Amino acid sequence: MFDDVKNVLSSVLQSPDTIDHLTMDSPLLGAIPEMDSMAVVSILTALEEHYGFIVEDDEIDAAVFETVGALVRFVEHKVGALS
């Protein structure tokens with residue numbers, strides 16, 4: 001799951017040098033210049049398409065994009081809810 005999320009981040013942010021060094025503890029919002037509100041929407045859309053889930057507006061807050069690990073856990077929760 002971590003690698004898939006990193007691939008989505010790399011694809012959307014188009015910053016492979018930054019993305020290559022990400023760990024689960026790496027901060028996202030405020031730490032990566034390309035990570036703006038449009039990037040957040042694009043990342044969510046890409047994750048929805050990749051995994052086949054829907055993200056409701058009330059599910060998203062800054063905590064989801066605080067770190068890579070937080071985003072991975074969010075995706076794991078959404079994928080688990082599909083089962």
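User: Which residues of H3 are buried?

Analyst: A word on terms comes before the case. Buried means under 20% relative accessible area, exposed over 50%, and partly exposed in between, using a 1.4 Å probe and protein chains only. Helices are DSSP runs of H or I with at least four residues, strands are runs of E with at least two, and both are numbered from the N terminus. In H3 the buried residues are Ala-39, Val-40, Ile-43, Leu-44, Leu-47 and Tyr-51.

This is a predicted model, in which local features need pLDDT of at least 70 and side-chain atom pairs count only at pLDDT 80 or more, while totals for chains, interfaces and linings use all residues. Residues are numbered from 1 along each chain as its sequence is written, and side-chain values use heavy atoms, with hydrogens and water left out.

User: How do I see where those buried residues of H3 point?

Analyst: Start with the general idea. An α-helix has 3.6 residues a turn, so residues three or four places apart point the same way. Now look down the axis of H3: the buried residues fall within an arc of 135°, so they line one face of the helix. The arc is that of the directions from the helix axis to the C-beta atoms. Turned away from the buried side of H3 is a face that carries the exposed residues Met-38 and Glu-49. The cover over the buried residues of H3 includes H1 and H4.

User: What span should the 15 residues of H3 have?

Analyst: The expected span of a helix is 1.5 Å times one less than its number of residues. For H3 that gives 21 Å, and its end C-alpha atoms are 21 Å apart, which agrees. H4 also has 15 residues and should span 21 Å; its ends are 22 Å apart, which agrees too.

User: Can we zoom in on one residue of H3?

Analyst: Let's take Leu-44, which lies in H3, residues 37–51. Leu-44 has a relative accessible area of 11%, so it is buried. Leaving aside residues up to four places away in sequence, Leu-44 touches Val-55, Ile-60, Phe-65 and Phe-74. Here contact means heavy atoms within 4.5 Å.

User: What is a nonpolar core, and which residues touch the most other members here?

Analyst: In soluble globular proteins, nonpolar side chains tend to be buried together. A nonpolar core is a set of buried Ala, Val, Leu, Ile, Met, Phe, Trp, Tyr and Cys residues joined through side-chain atoms within 4.5 Å. The largest one here has 24 residues, and those that touch the most other members are Leu-9, Met-35, Ile-43, Leu-47, Phe-65 and Leu-71. Helix H1 (2–13), H3 and helix H4 (68–82) each supply at least two residues of this core. H3 gives the largest share, six residues. As for Leu-47, its contacts beyond four places in sequence are Val-5, Val-8, Gly-52, Phe-53, Leu-71 and Val-75.

User: Which residues of H1 are buried, then?

Analyst: They are Val-5, Lys-6, Val-8, Leu-9 and Leu-13. Viewed down the axis of H1, these fall within an arc of 160°, so they line one face of the helix. On the other side of H1, you will find Asp-3, Asn-7 and Ser-11 exposed. The buried residues of H1 pack against helix H2 (16–20), H3 and H4.

User: How many aromatic pairs does the structure have?

Analyst: A pair of aromatic rings is described by the distance of the centres and the angle of the planes. Rings of Phe, Tyr and Trp (its six-membered ring) pair if their centres lie within 6.5 Å; planes under 30 degrees apart count as stacked, over 60 as edge-to-face and the rest as tilted. A search of the whole structure finds one pair. Its partners, Tyr-51 and Phe-53, are stacked, at 6.0 Å centre to centre and 5° between the planes. Phe-53 counts as buried, at 3% relative accessibility.

User: And which side chains meet in a salt bridge?

Analyst: Side chains of opposite charge can pair when their charged atoms come close. A salt bridge is a side-chain nitrogen of Lys or Arg within 4 Å of a carboxyl oxygen of Asp or Glu. The structure holds one, between Lys-78 and Glu-59, at 2.9 Å from N to O. Lys-78 lies in helix H4 and Glu-59 in the loop between H3 and H4, so the pair ties together parts 19 residues apart in sequence. Lys-78 is buried at 10% relative accessible area, whereas Glu-59 is partly exposed at 24%.
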